[in-house]
Amino acid sequence: MTSYQFPSDFLWGAATSAYQIEGAANEGGRKPSVWDVFSARRGRVLNGDTGAIANDHYHRYESDVEWMVRLGIQHYRFSISWSRVIPDGRGQVNEVGMDFYRRLVDCLLAKGITPHITLFHWDSPQALETKYGSWRSREMATDFADYCTAVVQRLGDRVTNWMTLNEIICFTHLGYDVLQTPQHAPGTRVPRRKDVWQTSHHALLAHGLGCQAIRAASPQPCSIVLVDNPSITVPLTESPEDIAAAQKAFHVNWANGGIIFPVLTGAYSEIQWEQLGNDAPDILPGDLETIHQPLDALGLNIYTGIYVRATNNAQGYEFLDYAKGYPRLNMPWLWLVPDALYWGIRHIAEVLQRPELPLLITENGCAAQDEKTDKGEILDTDRIVYLREYLRSLHRAVAEGYPVRGYFAWSLMDNFEWSWGYEHRFGLLYNDYRTQQRTPKASFHWYAECIRQNRVV
Ligand code: NOJ
């Protein structure tokens, strides 16, 4: 019998990001980000939704912090909008924009909630897209580092937990795809696969230079984290053969070998590099050293996984299709694979060979078709089942001694789900976008109870 108890110093939190909740797109000197421009284009976002108003968190942050207090989280992960702080992407800092984050941070600290700031969660300044094509250019990496310096100089007296970039693959490979219509801003179609890989290489450089800039600007010791979303391979059975197959397949599952590998090992995975052939990006001398910065922890965003088994083919493994009728949450890609949380953690230790590296689950959660009952309740039992199973899987990793330090639920509240607009709700709080009223869902109360008892309930 296990009570799924977590260690007493385990961190419980929730996460959001700037463009998804802030709104106030034209206020306080903010200029457009690539997401403002992308979502204003016809046919790019479901129902023509944009983040112009979103959850109006810019004006309602104080009452949102009150909801965090009710939830009982001691840690809150949110992001800063680059174009609010440096509206032209480089140059002049907009102190009015910075003031918003000063107020938010002070409000959190006054309530005993520790801020964890993501410096980049996809909403880069449109000015840099116009100037040089954002992530298509190496210049983006130095501009990002300068932006990090500006923020850390201003908030580093009260913030010590920094996260550089969120989910590199999404704003690079999905923002510049050659084969399909890009689902993410800036939505530029580049001519070759190699150009796509070049954008993620530039983002890796931005991470490396960003780490150096944060350490140099911080007036006190601080923690620096990269938030990645490796695509998780899960062994079909836990036989030694299937485990070895899942570990080998992990290198080439989507872009793992070209993103998480260079960050944690200082080199692209050989297996992935070989597969890339002429599609591999150009790497200049010194790039890999810059990318391979010491990290205080790795942030993992894990939502789903894919099953792998050993087989008698050249590579020794195969990816399996999901069974017809396999359970899925309210997103085409969101298969219910709770074991992905455990295997994601174990792969960092065994495949990347970084067993000492502290880990944070920086996002986990699901979209559901939340509806209010006649009594005004939102009984999201599907979300509770999802979260409970994933937390049990996380507990297994903790119990086996993997260095997982904390968990952030995605998301504190329903918000702008990128190209899926507002229809797909990920929140613990329900948001009524007409009135901006927040209503706790059943999962909010359930998660609050987990935090209160420090275990999965
Ligand atoms: C990961 C992203 O970081 C976040 O912005 C998004 O809303 C969630 N996944 C859900 O898709």
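Eight strands close into a barrel, in the order β1-β2-β3-β4-β5-β7-β10-β11, and the pairing is parallel. Two strands count as paired if DSSP finds at least two bridges between them. Neighbouring strands of this sheet are turned by 25° against each other on average, direction ignored. Axes here are lines fitted to C-alpha atoms, for helices over the stretch in contact, and angles run from 0 to 180 degrees between N-to-C directions.

This is a predicted model: local features need pLDDT of at least 70, side-chain atom pairs count only at pLDDT 80 or more, and totals for chains, interfaces and linings use all residues. Residues are numbered from 1 along each chain as its sequence is written, and side-chain values use heavy atoms, with hydrogens and water left out.

**Barrel detail**

- Strand β4 (residues 161-166) runs parallel to strand β5 (residues 223-228), and 4 bridges join them.
- N161 has S223 in β5 as its bridge partner.
- Helix α9 (residues 193-217) packs on the sheet and touches β3 (114-120), β4 and β5. The direction of α9 makes about 165° with that of β4. Contact means heavy atoms within 4.5 Å.

**Overall build**

- The protein has 16 helices and 13 strands. Helices (H or I, at least four residues) and strands (E, at least two) are DSSP runs, numbered from the N terminus.
- Along the principal axes, the C-alpha atoms fill a box of roughly 60 × 55 × 45 Å.
- Of the 457 residues, 63% are buried. Buried means under 20% relative accessible area, exposed over 50%, partly exposed in between (1.4 Å probe, protein chains only).
- Among contacts between residues at least 6 apart in sequence, 75% join residues at least 24 apart.

- A185 and P186 are joined by a cis peptide bond, with omega about 5°. P186 sits in the loop between α8 (168-171) and α9.
- W410 and S411 are also joined by a cis peptide bond, with omega about 5°. S411 sits in the loop between β11 (404-410) and β12 (429-432).

- W122 is not a glycine, yet its phi is positive, about 85°. W122 lies in the loop between β3 and α6 (126-132). W122 is buried, at 5% relative accessible area.
- N454 is not a glycine either, and its phi is about 55°. N454 lies in the segment after α16 (442-453). N454 counts as buried, at 14% relative accessibility.
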